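Open the model in your viewer and keep the selection tool ready.

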Amino acid sequence: MLNIEIDEHSGFCFGVTTAIKKAEEELQNSGTLYCLGDIVHNSIECDRLKRMGLVTIDHETFRGLHNAKVLLRAHGEPPETYETAKKNNLELIDATCPVVLKLQQRIKQKWHDTEGEERQIIIHGQAGHAEVLGLVGQTHGEAIVIENSSQLDRISKDKNTYIYSQTTKSLEGYKQIVGAIKNIVEPGKQCESFNTVCGQVGNRMNGIGEFAKSHELIFFVCGSKSSNGKILYNECKKMNPNAYRIEGPEDIDLSLTDNVKSIGICGATSTPKWLMENCKQAIINYHNNK
């Protein structure tokens, strides 16, 4: 008999759950709500909320908007977003994840506390990612974003250095970057690192690896824009070569499910549970109709 298990630890993190709940509540009351950027890096979930009345806008549209209500998603925003909202009489529903908000405050405080030093703030993260843009904004755009060791030439060797991480990055990857930077910064200069990877995200790494090993076949469900999804899927693939990344049920190569007895379905912090359930049901329907 075929066993299909959905990983109980996969799915929306706290920040995303809160943002979507706030959006749903407002849409039930008013029927229309603007959201600055995709509320979650999952196109299928975004389409569901769009049908409810959520209107996704970019920053250019936001700057031209007046007298409206706008949701700020869990990723957070730089200070200028709040300044624009005040100037344009926009009511903000701020769903910035508490973990991201705390990180923004820490970076801003360090930037102010070290004013006058020859210093640099490094953020290990994906350049252009919504969360990273919000973090860089706390330093008036002067923080340096490093995603991998090939970009270390951006760093000055002769400055006091303070290293943070995008919350959804791999803890192991962050430790490697920190080690590489500490080898570059000259002796006598401060080089401090702060582990700012979200604990909820970081703890999923080991768990999802164990889950992947426990099944013959893995379907990892996530949107193509998900930074966290890329990290978790790579961990699945490392632990189980028979792991496949899909966005939804229509992406499943159902022939892969023939002649296996155990299938695992898991996903990113931006993957809704209902979508993983739909993937499971698609496999069940396929086998029932054979």
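**Stop one: a polar contact**

Select Ser262 and His215: their side chains are joined by a polar contact of 2.6 Å. Bear in mind that this is a predicted model. Ser262 sits in strand β12, residues 262-267. Is Ser262 buried or exposed? Its relative accessibility is 13%, under the 20% cut-off, so Ser262 counts as buried. Now show what surrounds Ser262. Leaving aside residues up to four places away in sequence, Ser262 touches Leu2, Asn3, Ser214, His215, Glu216 and Leu217.

**Stop two: the cavity**

Run your eye over the whole structure. How many cavities of 30 Å³ or more does a search find? The search finds one. The largest cavity holds about 50 Å³ of space. To see its lining, select Asp7, His9, Ser10, Arg204, Gly207, Ile208, Leu232 and Gly267. Colour these residues by class: two are nonpolar, four polar and two charged. Then highlight helix α8, residues 199-213. Helix α8 gives the largest share of the lining, three residues.

**Stop three: the largest nonpolar core**

This core has 16 residues. Select Ile20, Leu33, Ile39, Val40, Leu54 and Leu71, the members that touch the most other members. Next, show α1 (14-30), β2 (33-36) and α2 (43-52), each of which supplies at least two residues of the core. The largest share, five residues, comes from α1.

Finish on Val40. Which residues does Val40 touch, not counting those up to four places away in sequence? Select Phe12, Val16, Ile20, Glu45, Cys46 and Ser270.

Conventions. Residues are numbered from 1 along each chain as its sequence is written. This is a predicted model: local features need pLDDT of at least 70, side-chain atom pairs count only at pLDDT 80 or more; totals for chains, interfaces and linings use all residues. Side-chain values use heavy atoms; hydrogens and water are left out. A nonpolar core is a set of buried Ala, Val, Leu, Ile, Met, Phe, Trp, Tyr and Cys residues joined through side-chain atoms within 4.5 Å. Buried means under 20% relative accessible area, exposed over 50%, partly exposed in between (1.4 Å probe, protein chains only). Helices (H or I, at least four residues) and strands (E, at least two) are DSSP runs, numbered from the N terminus. Contact means heavy atoms within 4.5 Å. On a 1 Å grid over the protein atoms alone, a cavity is a set of points where a 1.4 Å probe fits but cannot get out, and a pocket is an open set with protein on both sides within 12 Å along at least five of seven lines; lining residues have an atom within 4 Å of a point. Grid points are joined across faces, edges and corners, and a volume is the space filled by probe spheres set on the points. Ala, Val, Leu, Ile, Met, Phe, Trp, Tyr, Cys and Pro count as nonpolar, Asp, Glu, Lys and Arg as charged, and the others, Gly among them, as polar. A polar contact is a pair of N or O atoms within 3.5 Å; within protein, one must be able to donate a hydrogen and the other to accept it, and residues adjacent in sequence count only if both atoms are side-chain atoms.
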